[in-house]
Amino acid sequence: MSESGYSELNVTVPAQGPYLHRLRQLVRTFGLDCGASDSRVTDMVLAVNEACANVVQHAYGEGGGPLHLRGWRQRDGLVFEVSDNGTPVAKPVPGRAGGLGIPLIRLLSEDVDVEGPGQYGTRLEMTFKL
Amino acid sequence: LGQLELEQVDDVVLVRLHGEHDLSTAPSLSERLRAFASEGYGVAVDVGEAEFVDLAVVRALIHADEALRAQGRRLALLFGTSCPVKRLLQLTGTQEMFACAEDRDEAIALAGATNPARSAR
């Protein structure tokens, strides 16, 4: 796991559930360092967590693979990008609360951009105004 | 990370969530809640002390509620005063799925109630 300091967040971890806690800590610290309010940081943590949870659940098969998280400042906001190198398998979680992750991210952030799943995996970028 | 505190009141188990609960802890939570349901207990879950809960946990609660409904019961949910879990449920429109209680006694009463039409007793 590598991370750079104040101006940018850039980490790669195995796409496994136990790493989510550490990723949430990094998002929280980065958001607060960039001057975001407590409630805004709470939104960021929840949204990034769901994006990362999607990668953990859907990006890879048995062999697993990497989860990339980047964060940076952009004008009056913060951008987070969650990406993977997984294969295109879009299988929604069964049950009444399945498929709520992306709509939740849309509610919590100002802008969401999804690329893939495709040949080079999936990339989800979300922007939060400060 | 996340811890569970269990308290038994008659035939109801009150499960208090402490700390952070997510995709990595949701399966064991789900398993325990459904085990209580299949053993005939009512289940109340207090999320008021939880610092973080994600959608995987909401799904675990929904699945536990489904198991309890099969026994003629409902999962009772207890929130704190400024509870991040309540906001998550409101944002995702899943709050209406649960029997929500105002305090501990109401949560235990809701969890203990059985539907006479479907109860085996």
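## Basis

Residues are numbered from 1 along each chain as its sequence is written, and chains are lettered from A in the order in which they are written. In this predicted model local features need pLDDT of at least 70, side-chain atom pairs count only at pLDDT 80 or more, and totals for chains, interfaces and linings use all residues, while side-chain values use heavy atoms, with hydrogens and water left out.

In chain A, the axes of helix α2 (residues 38-58) and helix α3 (residues 101-108) come within 9 Å and cross at roughly 155°. The helices are therefore roughly antiparallel (a term for angles over 145 degrees). Axes are lines fitted to C-alpha atoms, for helices over the stretch in contact, and angles run from 0 to 180 degrees between N-to-C directions. Helices are DSSP runs of H or I with at least four residues, and strands are runs of E with at least two, numbered from the N terminus.

On the α2(A) side, the contact (heavy atoms within 4.5 Å) is made by R40(A), D43(A), L46(A), A47(A), E50(A), A51(A) and N54(A). I102(A), L104(A), I105(A) and L108(A) make it from α3(A). These residues divide into seven nonpolar, one polar and three charged. Ala, Val, Leu, Ile, Met, Phe, Trp, Tyr, Cys and Pro count as nonpolar, Asp, Glu, Lys and Arg as charged, and the others, Gly among them, as polar.

## Helix α1 with helix α2

α2(A) also packs with α1(A), at an angle of about 145° and with the axes 9 Å apart. Residues of α1(A) in this contact include L20(A), V27(A) and L32(A), and those of α2(A) include V41(A), V45(A) and C52(A). By class, the contact has eleven nonpolar, three polar and three charged residues.

## Second largest pocket

A pocket here is an open set of points on a 1 Å grid where a 1.4 Å probe fits, with protein on both sides within 12 Å along at least five of seven lines; lining residues have an atom within 4 Å of a point. The second largest pocket is lined by 18 residues, with R28(A), T42(A), E51(B), F52(B) and P84(B) nearest its centre. The largest share of this lining, five residues, comes from α2(A). The lining has eight nonpolar, four polar and six charged residues.

## Backbone features

Most residues other than glycine have a negative phi, and most peptide bonds are trans. R75(A) has a phi near 45° and is found in the loop between β2 (66-74) and β3 (77-84) of chain A. The peptide bond from G116(A) to P117(A) is cis, with omega near 5°. P117(A) is found in strand β4 (residues 111-118) of chain A.

Notes. Angles under 35 degrees count as roughly parallel, over 145 as roughly antiparallel, 65 to 115 as roughly perpendicular and the rest as oblique.
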